[in-house]
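Morning, everyone. Please have a look at the structure on the screen, and then we'll walk through it together.

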Amino acid sequence: MPAPTPQNVPDELPLLALRSTIVFPHGRIAVQVGTTENIALLRSLDATAGLVLVAVGLGPNADDLDDLVHRIGVVARVRERMPAGAATLQVTLEGIARVRIGALTQRVPYPVARTQPAAELVVAAGAADASLERLIRAAELLAELDATFPAELAGLVARHASNAARAADLAAAHATMRVSERDELVQCLDPAERLERLAGRYEKEVARAQVLGEIERRTTKNVEQHHREFFLRQQLQAIRTELGERDSTESEADELLQQIAAAGLPDHVAQEARRETERLRALPPASSEYQVLRHYLEWVLAMPWTRASGATEIPLDRVEQALGDRHYGLDEAKERILEYLSVRQLLGAGSRDPHGPILCFVGPPGTGKTSLGEAIAASIGRAFYRISVGGVRDEADVRGHRRTYVGSMPGLIVQAMRRAQSNNPVLMIDEIDKMAGGGSGGGPLAAMLEVLDPSQNGAFVDHYLNVPFDLSSVLFICTANSLLDIPAPLRDRMEVIRIAGYTVEEKVEIAWRYLLPRLFREHGISDRDLQFTDEALSTISHRYSREAGLRGFERNLAALMRRRARMKAKGEEGAWVVDGPRIDDVLGAPRYPVDEAEVEPEIGTATGLAWTAAGGELMTIEALRMPGTGKLHVTGQLGDVMRESVDAACSYVRSMAKPLRIQDAEMKATDLHIHFPAGSVPKDGPSAGVAVTLAIASVMSRRPVRRDVAVTGEVTLRGKVLEIGGVKEKVLAAYRAGLRDVILPATNEKDLRDLPAVVRDQMRIVFAKSMDEVMALVLLAPIAMTQGAERADAERADAEPMPRADGRGDSVAHDDAWPAQ
């Protein structure tokens, strides 16, 4: 039988549909087939000379034979076939020519399709020479780089350079391509285009082989270098043995043992260190475990197991003087610190206080919490170290990582002890309220509980050191901005000392005593160059840095000094007097008005007091009525507790409609909208109940609310005013805003003793038990709402003058307590 050509291909041929590969003309492949149709087709052919029409099915419809119609296939001869399994045959196919697949004439037991000639395009002379040359050069390079690539392919392609189609098919048969790319080359009837694609493909394979070869050469070089070093070390060790010398590992191990003996370590620690040193002796220095053990032993030797700082006795008089010299005010905090240190002094340096609490300073930022700890450490002569646990979310951050992990390190506590180089430092744990909850590795709370529990921290075990370390002599001081954010088990182990914000008068005094002398030194000027007055300092504090702490106040003072230092460096002599124009020139326009609080009575607006981590703040609550069906809208990003407080206030006002002279029909035909300004700030808590009730009662009864009075307290459905927290911070916020009249729950009368004396003397505070008392004092006479009439001026209702709180917290009535509006 003559070899078929595109001109003498039979009109019909069995269709062998493949999925994973395709044969090219003049190429040969071995393939396994397992479908029922293909098995039946192959068994029906002549054993050595059967012809088939080969095509490849792609995409989601690979099994649909109709999709193969009108596509290009390859006529191939079946050269060999043999069983490859229970239901598969392995055959060798030899490609002959491209043909176009026609209609199917048979489907069972195997498909048979008509064939149509597929004429390839004629390549003009020289049109494919560049692509062919690139292909041959890439094949030669690939044969040099890849031992599995056939070296004779470049010669075969060059031999058929005059036949572009034959050369392209030869190269395609040996190219590494996906089946979809192979099918594209089969479908392409332009030999020049096929050569161009193959040249690009072969060049990519060359680049890939070059990269892999470079990686292999580097790997081989590194392995050979490692082997060379190993053999050299073995030879060096053999030479030293012959000369009677000791190797470096033995010397290093002996040196470590000497350091362990001289360090005076506790017995259990010394025993563990000696055991690890003997393990180190048996390891080669190049091993990774050797470096891990060496690093561990360095940490053990560097820890202050027995080194203490400061005197054995705590000089209480020196502590008191140091606290007074570095901090103004804070009398309660200073008194509690001295009491705490007195207890430790009486117990003695070697005794442990199993029930002694850990100090925790709670207050707004910039109020001197960290500097208090530094003053304590300096006064008793102990080392001071500060660690921040804000954002710590893993137990390993506190207790350390085990040495099985790569790059493991001790935890924050052990690192702090090593840097402090003392076993009894003052260790300040900052931002403990911002310690995050645990993740998959366990929370840091359990580890921190052990650290701060005096009955447990005498044998604190860090995962890295894996030996107990005594923390009972450490003076722990924690700081936080919000007590509520500290987990309850941790809060139970601490003695809380609240540090509230400073008044304007206190800030002025602190500036004269501490800030100005230090800032003058830091800026290279003196009080002869820049002269302050009490009025100027008060203006800077009140109108440029209205805050609970001192950081913004200090920044503004530093800005003035920098401007003066700059002008002095330019040669300007003389003194600057800090006055209003000078402050405006350097600091710009005032950031806060003279009195932040609004004092004009309004309908539907009440002034409340809020507590934040940065101190107290004023909170304006607005209520608006509109025609509707009795619905209640609340806005301002409120939490669940505050929303429930609004609902309770609304229900209380509806129950009091008759005393407030509100018609039932009006309540049913009116929608209420309650808004808490600063909508981007989350708000929660029940202490706004009094202010919300006032706003709703005001807008429904059309009675203005006195805005020069700040109110706070929780309200029940019966109108009872319940106790709230943060009284000191809230009253200070009203004082800073220029308000002098505040209404508090009656049960908060005990909290007046926490207020500074200057604030108690100037504030007028009333303690209310019910909303009836609050509304009688704050709600004014109703405004006339006749048709066409304009809003009348608010007149004060006939109410008793508000009493004033004296220094003892007793309510004392004064005739001139609150002057009429």
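Let's start with Glu666. Glu666 is buried, because its relative accessible area is 17%, and buried means under 20%, exposed means over 50%, and partly exposed lies in between (1.4 Å probe, protein chains only). One word on the source: this is a predicted model, where local features need pLDDT of at least 70, side-chain atom pairs count only at pLDDT 80 or more, and totals for chains, interfaces and linings use all residues. Residues are numbered from 1 along each chain as its sequence is written, and side-chain values use heavy atoms, with hydrogens and water left out.

Now, which side chain meets Glu666 in a salt bridge? Arg625 does, at 2.4 Å from N to O. A salt bridge here is a side-chain nitrogen of Lys or Arg within 4 Å of a carboxyl oxygen of Asp or Glu. Arg625 sits in strand β17 (residues 615–627) and Glu666 in helix α22 (residues 664–668), so the pair ties together parts 41 residues apart in sequence. Those helices (H or I, at least four residues) and strands (E, at least two) are DSSP runs, numbered from the N terminus. Arg625 is partly exposed, at 21% relative accessibility.

How many salt bridges does a search of the whole structure find? The count is 45. One of them joins Glu94 and Arg28, with the closest N and O atoms 2.8 Å apart. Glu94 is in strand β5 (residues 89–106) and Arg28 in strand β2 (residues 28–33), so this pair ties together parts 66 residues apart in sequence. Glu94 is partly exposed, with 22% relative accessible area.

Next, strand β1. Is this strand largely enclosed or open? Five of the seven residues of β1 (residues 12–18) are buried, so the rest of the structure largely encloses the strand. β1 pairs with β6 (residues 112–117) in the antiparallel sense, over three bridges. Two strands pair if DSSP finds at least two bridges between them. Pro14 has Val112 in β6 as its bridge partner. β1 also pairs with β3 (residues 50–56), in the parallel sense, over four bridges. There, Leu18 has Val56 as its bridge partner.

Last stop: Ser770. Ser770 lies in the loop between β24 (764–768) and α26 (771–778). Ser770 counts as buried because its relative accessibility is 16%. Leaving out residues up to four places away in sequence, Ser770 touches Gly719, Lys720 and Val721; contact means heavy atoms within 4.5 Å.

That's the tour. Thanks.
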